Amino acid sequence: MAKAVMVQSTALGRSAGQLVIGNWKLHGSLIDNQRLFDALLCSPVLTRMAVLPAVCVPFPFLAQCQKKLQGSRLVYGAQDVSAEKSGAFTGEVAASMIAEFGAHYVIVGHSERRMYHGESDAKVLAKTLRVLDVGMTPIVCVGETLAERDCGDTGLVVSCQLNAVLDMLSPEQAARIVVAYEPVWAIGTGYAATSAQAQEVHAHLRGLLRAKGEAVAQVRVLYGGSMRSDNAAELFAMEDVDGGLIGGAALKSEDFLAICEAGLLF
Ligand code: PGA
């Protein structure tokens with residue numbers, strides 16, 4: 001059931017398998033993480049090349065990831081980054097610091113950052129550039145609220161969010177990002193988008209990416225928002241869904257592995 005792919009132009013071309021990324025949010029402890037990593041690392045599911053698993057953890061756990069995961073197929077990253085390179089910015093964490101721990105990914109523009117920390121599209125762009133500058137992969141999140149969907153504004157909202165980033169990147173930079181479509185109304189609610197709803201928005205996002213050239217059209221577009229083992233396969237089956245950004249279900253090894261297993265089918 002392999003999806004048609006024309007070019008494999010990014011480091012992780014779409015044909016390389018589903019990218020399944022856990023977003024731990026404000027969860028975890030050294031002991032709980034250790035148990036989770038042990039369970040994940042001994043699973044045969046993660047040895048299969050057709051799924052590309054990753055976890056994005058709170059900053060203090062990056063050192064533990066480096067120790068436990070470096071060299072394994074479970075790659076890791078952070079959930080936010082400073083828009084600044086360095087300087088007098090108390091409490092901020094620079095992209096270069098995250099990269100020093102061997103991280104691959106940084107989530108930028110998650111709706112919880114946009115909502116609770118007032119992150120603008122301009123901030124999301126600045127963060128994306130910082131991540132690219134140090135050779136990591138930004139996971140740029142976009143998504144509409146329920147009110148915006150009800151008004152028929154989904155396409156407009158996600159276009160503005162993604163183009164605010166894409167317009168300022170060169171095609172070479174744009175080809176190195178990952179996009180995550182996360183409808184705000186689906187995050188943590190138990191109500192995931194249907195596969196048809198997801199595909200409609202993913203195809204729209206694909207069109208925006210394609211406008212920057214065929215290499216950028218190959219950027220992965222992940223779905224996030226109440227993805228679980230019982231809906232993952234249906235979502236992964238969609239032509240323009242290239243993986244998932246998983247919140248709650250990434251915290252239990254059985255659930256995360258079941259989603260990874262669903263990814264093996266496509
Ligand atoms: P959820 O979160 O899977 O718990 O809905 C997804 C996310 O916010 O990345």
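Reader: Why is K25 called partly exposed?

Author: K25 has a relative accessible area of 21%. Buried means under 20%, exposed means over 50%, and partly exposed is what lies in between, with a 1.4 Å probe and protein chains only. At 21%, K25 therefore falls in the partly exposed class.

Reader: What kind of model do these values come from?

Author: This is a predicted model, in which local features need pLDDT of at least 70 and side-chain atom pairs count only at pLDDT 80 or more, while totals for chains, interfaces and linings use all residues. Residues are numbered from 1 along each chain as its sequence is written, and side-chain values use heavy atoms, without hydrogens and water.

Reader: Where does K25 sit, and what is said of its phi?

Author: K25 is in the loop between strand 1 and helix 1. Helices (H or I, at least four residues) and strands (E, at least two) are DSSP runs, numbered from the N terminus. The phi of K25 is near 55 degrees, a positive value in a residue other than glycine. S226 also has a positive phi, about 55 degrees, although it is not a glycine.

Reader: What makes S226 count as buried?

Author: Its relative accessibility is 14%, which is under the 20% limit, so S226 counts as buried. S226 lies in the loop between strand 7 (221-224) and helix 11 (232-236).

Reader: Which residue has a polar side-chain atom by the backbone nitrogen of K25?

Author: That residue is N23, with a polar side-chain atom 3.2 Å from the backbone nitrogen of K25. A polar contact is a pair of N or O atoms within 3.5 Å; within protein, one must be able to donate a hydrogen and the other to accept it, and residues adjacent in sequence count only if both atoms are side-chain atoms. N23 is found in strand 1 and, at 5% relative accessibility, counts as buried.

Reader: How many residues surround the ligand?

Author: The count is 13, and the closest are K25, H110, E182, G188 and S226. A residue is near a molecule if one of its heavy atoms lies within 4 Å of it.

Reader: How do you know that the chain is as compact as a globular protein of its length?

Author: The chain has twelve helices and eight strands. Its radius of gyration is 17 Å, close to the 18 Å that the globule rule gives for 266 residues, so the chain is as compact as a globular protein of that length. The radius is taken over C-alpha atoms, and the rule is 2.2 Å times the number of residues to the power 0.38.
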